[in-house]
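Biologist: Hello! Could you walk me through this one, helix by helix?

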Amino acid sequence: LDVKTSKYNALNFLPMNLFEQFQRLANAYFLFLLFLQLIPQISSLAWYTTVVPLMVVLSITAVKDAIDDMVKCWHSGIQGSLSCRIVTEKWMNVQVGDIIKLENNQIVTADILLLSSSEPYSLTYIETAELDGETNLKVKQAISVTSEMEDNLKLLSAFDGEVRCESPNNKLDKFTGILMYKGKNYLLNHDRLILRGCVIRNTDWCYGLVIFTGPDTKVMQNSGKSTFKRTHIDHLMNVLVLWIFLFLGSMCFLLAVGHYIWENNKGYYFQDYLPWEDYVTSSVFSATLIFWSYFIILNTMVPISLYVSVEIIRLGNSFYINWDQKMFYEPKNTPAQARTTTLNEELGQVKYVFSDKTGTLTQNIMIFNKCSINGMVYGMHVFLFSLKKVDFSYNKLADPKFSFYDKTLVEAVKKGNHWVHLFFLSLSLCHTVISEEKVEGELVYQAQSPDEGALVTAARNFGFVFRSRTSETIMVVEMGKMRIYQLLAILDFNNVRKRMSVIVRTPENRILLFCKGADTILCKLLHPSCGSLKDITMDHLDDFASDGLRTLMVAYRELDSAFFQDWSKKHSEACLSLENRENKISIVYEEIERDLMLLGATAIEDKLQDGVPETILTLNKAKIKIWVLTGDKQETAVNIAYACNIFEDEMDEIFIVEGNNDETVGGELRSAREKMKPDSLLESDPVNSYLATKPQPPFKIPEEVPNGSYGLIINGYSLAHALEGNLELELLRTACMCKGVICCRMTPLQKAQVVELVKKYKKAVTLAIGDGANDVSMIKVAHIGVGISGQEGMQAMLNSDYAFSQFRYLQRLLLVHGRWSYNRMCKFLSYFFYKNFAFTLVHVWYAFYSGFSAQTVYDTWFITFYNLVYTSLPVLGLSLFDQDVNETWSLRFPELYEPGQHNLYFNKKEFVKCLLHGIYSSFVLFFIPMGTVYNSVRKDGKEISDYQSFSLIVQTSLLCVVTMQVLSGREEGKEGGKIALETTYWTMISHVFTWGSLGFYFCILFFLYSDGLCLFFPDTFQFLGVARNTLNLPQMWLSVVLSMILCMLPVVGYQFLKPLFWPIIDRIHHCMRHPLPYPIRTKLKHTASRRSAYAFSHKQGFGALITSGKTMKAKLPKKNSFPYKR
Amino acid sequence: MKRKSQDESRLPDNTAVKQQQLPAFRLQLSANEILSGFFATGVFCLGMGIILLLSAKSISEVEINYTEKCASCAKLREDATHFDKECNCSISFYLPQKMEGNVYLYYKLYGFYQNLYRYILSRSNIQLVGTDLKDVRKCAPFKTSENGLPIAPCGAIANSIFNDTIVLLYNFNSSTHIKVPMVSSETAWWTDKYVKFQNPTYQNLSSAFAGTAKPPNWPKPVYELDEEDPGNNGFINDDFIVWMRTAAFPTFKKLYRRLHRIGNFTEGLPAGSYSFIINYNFPVSRFQGQKAVVLSTLTWSGGSSLFLGLAYLVTGAVTLLASFSMMAIHLKLKERKTFFLQS
């Protein structure tokens, strides 16, 4: 268990945190500035102008870091509490070589070599849903030498075997090692190893030897590197800060040149009044000093509070996610959780969603939904009748959780309909489920596949209760009467046969074969006399399939005793044969599995989570592409893909890539692409010709438009080929043209590779969502990782950036929270850059009138407070409360999400606009006050053109303009004549922040310029009385108003004219003109005949185990009657 | 181990802030509102401009640049060794119309940089407030005299004080020259005169300044600036305070005297012939600076500066023009836009 320990403690917090903070470029820059300011020769600003903001910024960040660290600590605490009860130690203390005891339903958190267990033959059942998404039980078995120790602690503690095994690796299905014990070597393989992430099921206890712990475990090896995620905006911001540096440098250079010229022409001769400093020998030297002086003055162009403000905004928007009631899942009592607070705006830019299937799209619950028995459909039209559950009270052994809505079936059972009885009898007999009855009457089924479990449970509720089994008998309670069937043979499932059968001897001594399997296979094996029934049933199957249900056909055959004896002999021969055994067995199986009499068909619903199809439809409308990456098998994945709208019947074609080598896979991919876009194989295709130029690796493949809507299915082993070298681009181009992509049988690492591939060449924002340990790798790799929480495993959640418990919350996360976060962040950034440019560039204009002497326009205190106090709240209000459209609109018009994907609201172009706007504003803000005070006097004759009054006028105008600008500014394409100002959404808080800030400015002004303060520190506060003497001037207010008009009108005019001249489709208002559409409702309807195959695990069933008797409980007296065969 | 909070609901609070449902006012302006807003702004600016221009026009102002006219004095002052020689210069002018009401006399400097960074800093507010005359830390490069005494008032600003004396004579007739009565009181801000600038508290001003040196450019120490009026002597001398309030731009005018409206001058300055007698002390020719005297009357909007009026007028005109063209564009392109949206 890798317990994350907290990074800081009380002692090392300050030095460590400061060290970390100064590693950030911006903070280091300000530290550098601070040192520059301490050099008196070039210091052009009082030291506190940098120190105060820097201190505030550092302390805010430090507090945030401390909280983050505490939260992290708390989370690891949770992880610790999850760990299981152990003989002596906590999981975190477990080391390689320890022997530990695991109990039923515990989550294993280390890779463990199984030594012994409570079950016979040291079998241990585990569930691996966390690892591969499969929920069926798997069996592990200890080697015989160790299993003899059982739970004898003495023996166990004396165990001194030595294990040699492979080094830690990420192969989940392979393990090789040797156990050296008592002088002998025993071969260890994958069957002996219980991996971290598994859950012990159906086994009271087991002992194991810890082989790998923590990061060495196979799951963790699969989970990929944990990288610090940064958003696109972060990267953009860094680039822009660099640009600003360059701009700053060139500005300073120009001003230094100006200073040089001025000193030569004027300054040199002005020395009577202001002699040069002793150390200034020439105007060149003076200009060099001035370069640095201006570097200090203009430092505010690189906004010190940018990063901290961005973090505050993200934090605020993360809290909204945590607080959202509409993302709270009542049944599990889990609210949504933003575990990372640095990625919010990226949620508004997602282009690709990679989703796990099991547990994410589906609930991982199989429900017996419909059936067709002897040509009669049951369970249809459930919605037309009242949704009343069928009453199963007549059956004491019924599972109370099971629900069925069609009464007619129960009536048929009660009436004793022969076919119905036979149908359910077959369901209760033909399976490899293991039952557990700890309390009398409370049956728990352990099924190898959830489908089987569902079928047996259905039979149980309708009165054919599978109660227990031995290796030779099956005990069934038939309508309350106990009957024991002799189990003669299990003809187990495999992927080729796609069916399974059991042969039983009834108490009446009839020999019956029951078979269930994929309809495509089974209908060929039917007796010709079933012809008409077959047709009817096939019709029903079509109906079922089109409802997205998984179907199975059920049939039986009565065998005569002699035939069976004969066959049985052949069977045992085949079983004993050494060569080609598999083949021989299946031939034998085929001999008996024919001339079957059709009983009916079942339809099982792989229950999707609520709202999944609607969510996917909405996300599709928002032009988000959804890829399903699952460890599960193809059939189930495709079935789910149809059920949740990823594939549609209207699709032109669905390509399946299942080649086994590079050439076939490449060929399949190419031919698929040729169908979708015939020219894309020609050399003249722009993408091809672009690739032909062999661009350097970080390049972007442009979007290609196919000529229809297509789907792609690719298998894990084909994917392994496709991901290699030159095929990865083929794969990417083909897959990205498809509307839906399903990748099945994926290993966790492959999931990550696929995400990486898209990330690398598409430069789009990716989001991975999953619930299990097998999703951790892709969750970590994707730009945004979302964990479905509230399930049993916590791995995915603990590694995710956002966690909630239902897939459907994804649309809210992206379309509402993501969109708002993105919009707010963009508005914030453009405003923030603008306000700093407008603020700083005034100094540049002033340089031309002050001999380029690095004289600032503003009072030093204004410079100190500008970003931190005067302008921070309005912009925070904007970026925490603004809603350009409300949540209903964002959800109903997913199209509104698109601008974010193309990063339209803040990019380099927008930045340049901000710069130009800032230059214009600073021009107005300098020259209007200058013209006003120039040569002007107040009405009592005293002049107003003194420096301090001018300062006050400029800074007041600046603040008014900049605050007004919060209300105005950029909005993408408004409908003709309708504009909304920047803060389109005025909450009370926005009002308080905006007007409060402005009011606060004047209060501070009077305080800073008050007699008392200035007399107390005459050299620090020099602006005594300026507020009183200047704020009552009509000229000053006229100048402020004029500045505001001149700064605002062009912006308003631009916004008014822009949509008229460039009539891009205005998303918001275009949408708003139409009445609110109804929320998306989808119906599961599929016309094409599409049958899901036999929905078992892709592994061999339990049949062999059952017949070998290994599954029988130790408590059963028959334990010794089954010799242990190796 | 189960979490304690298991049974209590973790449902987030249903508050307006947390659910982002704060009642809000959504500001949206229609085309008509914007256009009328533009129009109104234009009219307002135009009106304001006209008012400001009219009021500025009502002012009468006389500006006489005496850099050229006193060239000989300027020449003399270029050589620092002649500092003790007096040089007077007389400039006559004719006032065709009388200047009614309060008349103010300014001196105006061109090309004098009172806003250089080092210049502005070069003063000691602690000294000027009278608490510690020895505090000259910030006064570089005029901290101490050659013999090591702290300069009072120290610093480049104080040292460079404008020290021409300007006297206005009214030439009643060719032989009678009446000195126009001028006062220097109320030429500085009240806060400067009574708060920011204070003499050290001593009975005798000269002894208060004992142990300090006069600024090098000054002919006499600070406590001899106005020996007749103790309320105008030392640091609280009006000319000194006015000078110490540094100008924002290299061209500036500073209030020098106000007309004392008595006798012939109760109504203001009558029309007629006048002459300025200027005691030329302040050298500007070295750095190509210029000096001027300005006589002016005032209105509510202050001085004769036309800038604000013109700026408002131009802004108003442009805004009106813009609103008309925007209306035209709006009407013309509205059709096109709807077409685009439909397609």
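Predicted model: local features only at pLDDT ≥ 70, side-chain atom pairs only at ≥ 80, totals over all residues.

Biologist: Which residues in helix 8 of chain A meet helix 27 of chain A?

Modeller: Residues are numbered from 1 along each chain as written, chains are lettered from A and ligands numbered from 1 in written order, and side-chain values use heavy atoms without hydrogens or water. Helices are DSSP runs (H or I, at least four residues), numbered from the N terminus, and contact means heavy atoms within 4.5 Å. On the helix 27 side of chain A, the partners include Phe833(A) and Phe837(A); on the helix 8 side of chain A they are Ile233(A), Met237(A), Leu240(A), Ile244(A), Phe247(A), Met251(A) and Leu255(A).

Biologist: How are helix 8 of chain A and helix 27 of chain A oriented, roughly parallel or roughly antiparallel?

Modeller: Their axes (lines fitted to C-alpha atoms over the stretch in contact) take angles from 0 to 180 degrees between N-to-C directions. Here the axes lie 13 Å apart at about 5°. Angles under 35 degrees count as roughly parallel and over 145 as roughly antiparallel, so helix 8 of chain A and helix 27 of chain A are roughly parallel.

Biologist: How many charged residues are in the contact of helix 20 of chain A with helix 23 of chain A?

Modeller: Helix 20 of chain A contributes Asp662(A), Arg670(A) and Arg673(A), among others, and helix 23 of chain A brings residues including Glu730(A) and Arg733(A). Asp, Glu, Lys and Arg count as charged. Beside 7 nonpolar and 2 polar residues, the charged ones number 5.

Biologist: What pLDDT does chain A average?

Modeller: pLDDT is the predictor's confidence in each residue, from 0 to 100. Residues 1–5 of chain A stay under 50, yet 87% of the residues in chain A score at least 70. The chain A average is 81.

Conventions:
Helix = DSSP H or I, 4+ residues; strand = E, 2+ residues; numbered from the N terminus. Parallel < 35°, antiparallel > 145°, perpendicular 65-115°, else oblique.
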